[in-house]
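Hi,

Here is the structure I said I would pass on.

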Amino acid sequence: MRIDIISVVPELMYSPFAGSIMKRAQEAGLAEVHFHNLRYYTTNAYKQVDDYPYGGGAGMVLMVAPIDKCISQLKAKRTYDAVIYLTPDGDVLNQGIANALSLFQNIIVLCGHYKGVDQRVRDMFVTHEISIGDYVLSGGELAAAVLCDSLIRLIPGVLGNETSALTDSFQDGLLAPPVYTRPADYNGHQVPEILTSGNTPKVEAWREEQALKITKQKRPDLLE
Ligand code: ADE
């Protein structure tokens with residue numbers, strides 16, 4: 001999967017992509033991530049990428065021209081399956097959306113900043129609008145990092161054990177069961193005996209039971 005991320009502050013995203021799974025995926029050639037600073041695409045003499053909103057009001061709006069130039073240059077080189085705009089009024093990201101988007105080969109991820117982008121950008125270029133939750137961030141950058149993490153870990157081969165993405169919370173519509181590691185006894189706090197029994201079918205049955213119990217307790221809406 002190739003991901004081209006367009007932003008006025010790409011440096012906000014460097015570190016999430018520079019460690020752990022997202023770094024390994026890139027090193028293994030399974031994910032290719034390119035950052036594009038919108039300021040390099042300005043056609044304006046003052047290197048301006050934003051301007052006041054027509055009709056007045058607070059905040060600045062990202063202009064169409066630099067975004068058009070950046071997206072057009074990318075599209076001249078390859079075909080894109082999606083142009084995703086991060087915005088609090090988009091579809092709220094969930095595992096189903098992440099699964100669907102992870103099947104794409106080439107995507108453009110556009111980060112809004114300030115008051116967002118000129119509506120014409122959305123009308124002309126954007127194919128998917130995604131929110132990472134019902135709260136407002138200062139820009140789409142952190143949301144883009146969250147979205148990309150959720151997609152990259154689903155690319156086959158990215159996770160060492162391919163089943164581990166399948167056992168994530170939400171993949172089967174349930175939250176994940178509790179996990180334990182050594183020691184079996186920590187100051188009298190014991191690991192459930194079944195997990196040290198070596199009886200795999202019983203362990204699986206226990207995990208399913210726990211997943212259902214926890215989902216009922218914490219997120220009954222997932223069971224509806
Ligand atoms: N930009 C600002 N807030 C956001 C959110 N909650 N999700 C996605 N993009 C955003």
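Predicted model: local features only at pLDDT ≥ 70, side-chain atom pairs only at ≥ 80, totals over all residues.

The chain has 224 residues, of which 40% count as buried. Its secondary structure comes to eight helices and nine strands, and the C-alpha trace spans about 70 × 40 × 35 Å along its principal axes. If you take the contacts between residues at least 6 apart in sequence, 76% of them join residues at least 24 apart.

Now the inside. The largest nonpolar core has 31 residues, and those with the most contacts within it are Ile 3, Ile 5, Phe 17, Ile 107, Val 109, Cys 148 and Ile 152. At least two residues of this core come from each of β1 (2–7), α2 (20–27), β5 (82–92), α4 (95–101), β6 (106–111) and α6 (141–152). The largest share, seven residues, is supplied by α6. There is also a second, separate core of 21 residues, which includes Cys 70, Leu 74, Tyr 80 and Val 83. As a general point, nonpolar side chains in soluble globular proteins tend to be buried together.

Leaving out residues up to four places away in sequence, Phe 17 touches Ile 5, Met 22, Lys 23, Gln 26, Val 33, Phe 35, Ala 145, Cys 148 and Ile 152.

As for α6 itself, nine of its 12 residues are buried, so the helix is mostly covered. Among the buried ones are Glu 141, Ser 150, Cys 148 and Leu 151. The end C-alpha atoms of α6 are 16 Å apart, in agreement with the 16 Å that 12 residues should span at 1.5 Å a residue.

Compare that with α8 (residues 200–218). This helix has 19 residues and reaches 26 Å from first C-alpha to last, close to the 27 Å expected. Its buried residues are Val 203, Trp 206, Gln 210, Ala 211, Ile 214 and Thr 215. They sit on the same side of α8, because they cover an arc of only 160° around the axis. On the face turned away from that buried side you will find the exposed residues Pro 201, Lys 202, Glu 208, Glu 209 and Lys 216.

Beyond its neighbours within four places in sequence, Arg 2 is in contact with Glu 32, His 34, Leu 74, Arg 78, Tyr 80, Gln 105, Asn 106 and Ile 107. By contrast, Arg 2 and Met 60 are 30 Å apart in space, C-alpha to C-alpha, and 58 residues apart in sequence.

Last, how many disulfides are there? The count comes to zero, with a cut-off of 2.5 Å between cysteine sulfur atoms. For Cys 70, the closest cysteine sulfur is that of Cys 111, 11 Å away and therefore too far for a bond. Cys 148 also has Cys 111 as its closest partner, at 8.1 Å between sulfurs, which is again too far.

Cheers

Technical notes
Residues numbered from 1 in each chain as written. Heavy atoms only, no water. Helix = DSSP H or I, 4+ residues; strand = E, 2+ residues; numbered from the N terminus. Expected span 1.5 Å × (residues − 1). Buried < 20%, exposed > 50% of the residue type's maximum accessible area, 1.4 Å probe, protein only. Arc of directions from axis to C-beta. Core = buried A, V, L, I, M, F, W, Y, C linked by side-chain atoms within 4.5 Å. Contact = heavy atoms within 4.5 Å.
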